[in-house]
Amino acid sequence: MRTRGRLLDVLDKAETGPIVEEQEWDVEYIQKPIARLVKEYDVSWDKDLFVPSDDDLADRVFAAGLELARESGVYCTSTKRRMIWSQAELDEVIATSPSQVTLGEGEDATTIRARRPEENSKVTVCGGAYGIPVPEDQFVPIMLSYAQEPLLDFIDNASLVSTYGRPIRAASPWEAVGCWQEVDLSMEVVRRAGRPGMAIGCAENSPTEIGELSSTSYGGFRPSDWHHAALVSELKTNYEQLTKVVHFARTGSHIHTFANNIFGGYPGGADGMAVALVASLIMLQATYFGCTVNPGPTHAILSCDTYPDMIPGIAVALQGLNRNTNLMTTAFARTAGGPGTKTILYEAAALALAAVPSGIALMEGVQAAVGIETAHCTGLEARFLAQVTHAAEQLSREEANRIVQSLTQKYADDQKTKPVGKPFDQLYDVQKVKPLPEWQNLYVEVCQEFEQEYGLNL
Amino acid sequence: MSNWESKQTEFTESILAGNEQAAVALARTSLEEGATPVEFFENCISPSLQDIGKRFETLDIFLPEMVTAADTVEKVNEDVINPAVAESQAGESMSLGKVLLATVQGDLHDIGKNMVGLMLKVNGFEVVDLGTNVPPADIVARAEQEQVDIIGMSALLTTCLPYMKDVCDFLEGKNIRDKYPVIIGGAATHPEIAEEMGANTHGGSAAEGVEKCKMLLGKL
């Protein structure tokens with residue numbers, strides 16, 4: 001009842017808020033207030049710092065983000081209206097957000113718990129291809145390469161390049177067909193991995209509401225799976241996303257929500273991005289009331305979220321949120337480098353090392369080669385991400401900072417050359433779903449490097 | 001006019017700072033000193049904006065600064081350049097061409113498209129922006145209505161690519177394919193996709209998009 005009441009309130013806001021042109025929203029409600037808040041709250045840090053450990057700075061970033069959330073709200077592109085929340089409403093959103101959730105079923109279920117910065121407790125890890133396009137005949141072996149990894153608590157699906165040999169058209173019956181094929185294939189994956197109750201991040205072939213409404217249904221994706229709803233940059237929603245949320249609420253499905261603030265876009269640099277990121281995660285919870293909230297900021301040119309200048313912004317925003325709320329925050333490694341390169345491993349590790357001591361509840365990844373190269377994804381980089389995540393649970397922010405500083409030096413130049421690596425079938429034995437020696441040896445080499453250089457026993 | 005270099009530096013600083021007064025004054029003075037509107041555009045506005053575009057490509061500046069620069073240039077055009085062009089006997093046009101932009105059906109992402117639009121504007125193109133989630137038939141109809149020179153389409157999602165092909169097919173079906181060069185861009189696209197969709201070319205970044213549009217119209 002409570003959820004339904006809040007859901008109706010949210011939908012009301014999309015129908016009754018002040019009408020604003022989208023361009024005015026971008027400038028007057030995003031760009032200008034963020035620039036002001038960065039100054040007012042003195043959001044700045046030393047350029048050499050990658051994982052700040054200044055609690056006062058984290059709290060100021062949180063306060064600035066909360067003010068942006070209250071002053072601007074969310075823009076509904078379907079109705080051209082500003083959806084506005086009062087401070088009291090936002091306080092209630094924060095006070096009532098869940099601090100733990102169990103995904104999946106039976107022996108394969110996993111529980112995610114909110115954490116504080118530098119809390120020495122387990123971080124849940126989700127590994128997967130995260131919407132990377134893959135050919136139909138490779139979906140099962142690729143996703144199996146993740147599902148078979150014991151360190152991955154659950155998985156997130158790839159997208160299909162086609163469905164039954166036809167292109168998948170968004171907002172058409174083909175979206176529903178693609179999502180049902182995704183159901184069939186991913187259920188085969190968890191069954192073959194011997195983890196039939198494992199939660200699945202879905203539906204990755206549902207850019208509009210059609211695929212999700214169709215496939216989260218009897219015989220399809222389960223309420224215990226991990227269903228996605230997003231804010232479009234910056235702080236925008238639409239009827240498609242809100243319709244998904246109505247369906248999730250009615251079916252009792254777990255909702256994972258995410259935003260993609262643009263580094264270099266209307267929020268400006270890492271300081272403005274940090275403020276936008278806090279506001280986005282609060283407003284994700286206010287608009288979609290999910291379980292987990294993800295800031296997946298995007299570099300305006302490179303499209304990754306591991307660019308060195310972005311990392312302190314992500315870290316400080318996460319610290320602000322994790323010190324002042326019980327939100328189950330997550331970090332998502334979207335790397336410029338692809339599988340079969342050292343770059344992807346360095347990038348993924350740097351983000352995990354910054355985010356885990358900053359208090360995230362869940363580490364996600366790796367969306368290799370920024371998610372756009374067909375079949376450029378393997379379970380091995382996700383295994384490595386999980387290993388680094390658990391090693392980072394023991395670290396202070398200061399200790400993590402030293403390692404991240406060194407890692408960013410190793411990959412910063414390579415990122416700009418977009419080293420996309422190789423596709424799955426050139427790095428894995430597709431029949432046995434095992435890494436080929438070339439990729440396995442590179443992985444072992446980097447693991448040894450981490451032990452020798454950073455004292456991290458992976 | 002021998003001091004274009006210093007004028008351009010001053011103009012760049014003014015528009016980046018959003019100093020409309022200084023930018024307008026500089027344009028006005030240049031015209032009073034004998035420069036034609038086209039000369040001012042080619043020697044001052046265009047190189048300044050190209051410089052700013054390059055700085056954005058490396059994120060030495062961010063989108064808000066580019067928006068400020070574009071707005072300031074628009075003010076200069078409104079107050080000084082356009083009236084001067086209207087008065088001139090030659091009736092010179094400084095537009096490089098008119099580009100229709102749209103994020104295709106099913107896709108609601110517009111940041112990349114907006115960046116391209118801004119870069120096109122600051123480089124002297126007229127832009128007709130249809131927004132996001134635009135059906136193929138609407139794109140073709142508006143291209144005809146607006147008499148654009150180029151159709152530009154964007155998609156972040158692979159599931160929206162078929163709608164790009166639809167646009168090219170519609171143009172073929174109406175026997176107007178040759179009238180409209182088509183450029184595509186966005187995270188879901190690359191040069192091979194452009195070929196598959198029947199587009200003329202692909203823009204891998206905002207800056208590349210501008211260069212490709214110039215090439216399509218033979219302005220390079």
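**A strand, a helix pair and a chain contact**

In this predicted model, strand S5 (residues 124-128) of chain A pairs with strand S7 (residues 154-156) of chain A in the parallel sense, over 3 bridges. Within this pairing, Cys126(A) stands opposite Phe154(A) of S7(A). S5(A) also pairs with strand S19 (residues 362-367) of chain A, again in the parallel sense, over 4 bridges. There, Glu364(A) is the bridge partner of Cys126(A).

In a regular strand, side chains alternate between the two faces of the sheet. In S5(A), both faces are covered: Thr124(A), Cys126(A) and Gly128(A) are buried on one side, and Val125(A) and Gly127(A) are buried on the other. Because 5 of the 5 residues of S5(A) are buried, the strand is largely enclosed by the rest of the structure.

Attention now turns to two helices. The packing of two helices is described by the angle and the distance between their axes. For helix H11 (residues 342-355) and helix H12 (residues 379-392), both of chain A, the axes come within 9 Å and cross at roughly 30°. The crossing of H11(A) and H12(A) is right-handed. H11(A) contributes Ile344(A), Leu345(A), Ala348(A), Ala349(A), Ala352(A) and Leu353(A) to the contact, while H12(A) contributes Glu381(A), Phe384(A), Leu385(A), Val388(A), Thr389(A) and Ala392(A). By class, these comprise 10 nonpolar, 1 polar and 1 charged residues.

The contact between the chains takes 28 residues from chain A and 20 residues from chain B. On the side of chain B, the largest share, 3 residues, comes from helix H4 (residues 63-87) of chain B. That side of chain B has 12 nonpolar, 6 polar and 2 charged residues.

Technical notes:
Residues numbered from 1 in each chain as written. Chains lettered and ligands numbered in written order. Predicted model: local features only at pLDDT ≥ 70, side-chain atom pairs only at ≥ 80, totals over all residues. Axes fitted to C-alpha atoms, helices over the stretch in contact; angles between N-to-C directions. Helix = DSSP H or I, 4+ residues; strand = E, 2+ residues; numbered from the N terminus. Left-handed = near helix turned anticlockwise from the far one by under 90°. Contact = placed C-beta atoms within 7 Å. Nonpolar A, V, L, I, M, F, W, Y, C, P; charged D, E, K, R; others polar. Buried ≥ 20, exposed ≤ 12 C-beta atoms within 10 Å, placed from the backbone. Pairing = 2+ DSSP bridges.
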